[in-house]
Number of protein chains: 2
Amino acid sequence: MVEMRVAVLYSGGKDSNYALYWALEQGFEVKYLVSMVSEREDSYMYHVPNIHLTELQARAIGIPLVKGFTSGEKEKEVEDMKAVLEGLKIDGVVAGALASEYQKKRVDKVARELGIESFAPAWHRDPIEYMRELIGIFDIVMIGVSAYGLDESWLGRRIDEKALEELVKLHEKYGIHVAGEGGEFETFVRDAPFFKARIVFDEVEKKWDGFNYSGVLEVKRAHLERKSKNKNRNGPIGGAQMKS
Amino acid sequence: MVEMRVAVLYSGGKDSNYALYWALEQGFEVKYLVSMVSEREDSYMYHVPNIHLTELQARAIGIPLVKGFTSGEKEKEVEDMKAVLEGLKIDGVVAGALASEYQKKRVDKVARELGIESFAPAWHRDPIEYMRELIGIFDIVMIGVSAYGLDESWLGRRIDEKALEELVKLHEKYGIHVAGEGGEFETFVRDAPFFKARIVFDEVEKKWDGFNYSGVLEVKRAHLERKSKNKNRNGPIGGAQMKS
């Protein structure tokens with residue numbers, strides 16, 4: 001069988017890490033992680049929170065990271081992504097799309113135009129079951145919050161079973177999507193079975209806007225920490241795939 | 001004529017910017033800037049000085065940046081670069097090699113193995129004449145110094161005609177290579193004709209090690225500033241190629 005060479009659309013959160021995880025499980029050759037960065041501000045460093053963290057993740061993973069730049073206008077963004085993917089020798093693109101028709105349709109269209117496959121392994125998964133699977137694989141932390149019902153205490157919180165239970169309750173009470181699909185929250189993956197080193201936050205700052213019920217956890221300093229082969233914090237699949 | 005699609009090896013300094021400048025002048029289609037990042041430390045953020053600045057430059061330029069990661073071992077580095085370039089649809093690679101046989105031979109070898117062209121437009125240029133040309137094109141600042149004869153005052157200094165004159169004198173007195181080819185200094189390009197926005201340093205910190213006659217200018221915060229079409233700080237060729 002000819003190996004499937006793919007690029008994974010990667011923003012550093014739980015869904016793009018799931019896309020990568022799935023691609024590796026399929027035996028795909030993941031050639032590049034691709035991050036599209038939107039230019040919506042005049043200042044690009046430190047003012048766009050955590051913009052550098054995907055690079056730290058890519059290093060931990062050991063797959064080259066392609067950073068594409070786009071004005072951030074909706075349709076232009078799709079063209080810009082197409083231009084970035086067009087120059088890669090790939091047979092497919094893998095996206096973490098869960099329920100966003102907008103996102104999935106655009107990626108599918110670009111793939112069709114480039115004559116490559118489009119994969120969205122999380123597409124239309126049941127949110128609770130999906131989150132439960134993610135919790136068992138990744139070390140996920142909430143780094144952005146934007147919904148009534150989610151307060152400052154969620155910033156920097158690790159998503160574990162207990163947090164998921166609370167999210168389910170918040171879903172019932174306020175309609176918050178359990179997997180944050182409506183933009184309710186943003187996550188960051190600090191560790192995964194395919195990370196050769198885990199990410200440790202050294203200095204963080206919570207920025208909370210009580211008026212808009214939203215906030216971000218700005219990671220000021222972070223470093224990579226080698227994972228020992230015996231210490232398996234990610235459950236049964238953790239150790240087997242480590243290369244370090 | 002079929003257009004030549006190339007990747008430019010890009011580290012953000014004067015030589016890689018010259019490589020890019022030359023490639024654009026040839027009418028090459030520059031698909032990607034490629035930065036290889038060496039993993040020689042346990043901490044990757046902020047401790048490796050100015051690691052994020054190439055991304056700011058790539059944004060200013062508007063060409064996708066590919067970041068490859070390598071252990072930093074000499075021969076492994078070449079293999080890792082080959083793996084990064086191998087997945088790109090390119091007909092050639094352009095490098096800023098000036099006098100380093102080591103660097104040029106390795107790039108040539110990788111290109112040969114991949115069946116693509118290898119370009120080194122600055123190769124064996126006269127250092128003084130080369131520096132004079134660069135000064136006329138780019139806004140270059142010294143961000144690293146490591147040679148007896150160069151002191152702290154060079155950190156953050158703009159390389160202009162006067163600085164070049166002094167470098168020539170330091171060459172005569174101490175043997176310092178005028179273009180820093182022996183590792184005497186590291187430069188950073190804040191502006192070039194192909195930059196759509198210039199880079200402005202907001203907060204810098206000089207770190208000086210008097211014992212080893214070496215130091216770095218750590219850029220803590222920087223931002224992009226739109227260039228007006230009339231204000232032409234880069235000499236005659238400056239305004240013509242701006243797109244903003």
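Q: How many salt bridges does the rule find across the interface of chain B and chain A?
A: The model is predicted, so local features need pLDDT of at least 70 and side-chain atom pairs count only at pLDDT 80 or more, while totals for chains, interfaces and linings use all residues. Residues are numbered from 1 along each chain as its sequence is written. A salt bridge is a side-chain nitrogen of Lys or Arg within 4 Å of a carboxyl oxygen of Asp or Glu. By that rule the interface of chain B and chain A has four salt bridges.

Q: Which residue of chain A forms a salt bridge with E55(B)?
A: The closest N and O atoms of the pair are 3.2 Å apart. The partner of E55(B) is K67(A).

Q: What rotation superposes chain B on chain A?
A: The copies are superposed by least squares on the C-alpha atoms of residues with pLDDT of at least 70 in both. The shift along the axis is 0.0 Å and the RMSD is 0.0 Å. The relation is that of a two-fold axis, and the rotation is 180°.

Q: How many residues does the contact take from chain B?
A: Contact means heavy atoms within 4.5 Å. The same surface serves both copies, as 100% of the contact residues of chain B recur in chain A. Chain A gives 35 residues, and chain B gives 35 residues.

Q: What is the area buried between chain B and chain A?
A: Buried area is the accessible area (1.4 Å probe) that two parts lose on being put together, summed over both. Carbon and sulfur atoms give 55% of the area, which is about 3,400 Å².

Key:
Chains are lettered from A and ligands numbered from 1 in the order in which they are written. Side-chain values use heavy atoms; hydrogens and water are left out.
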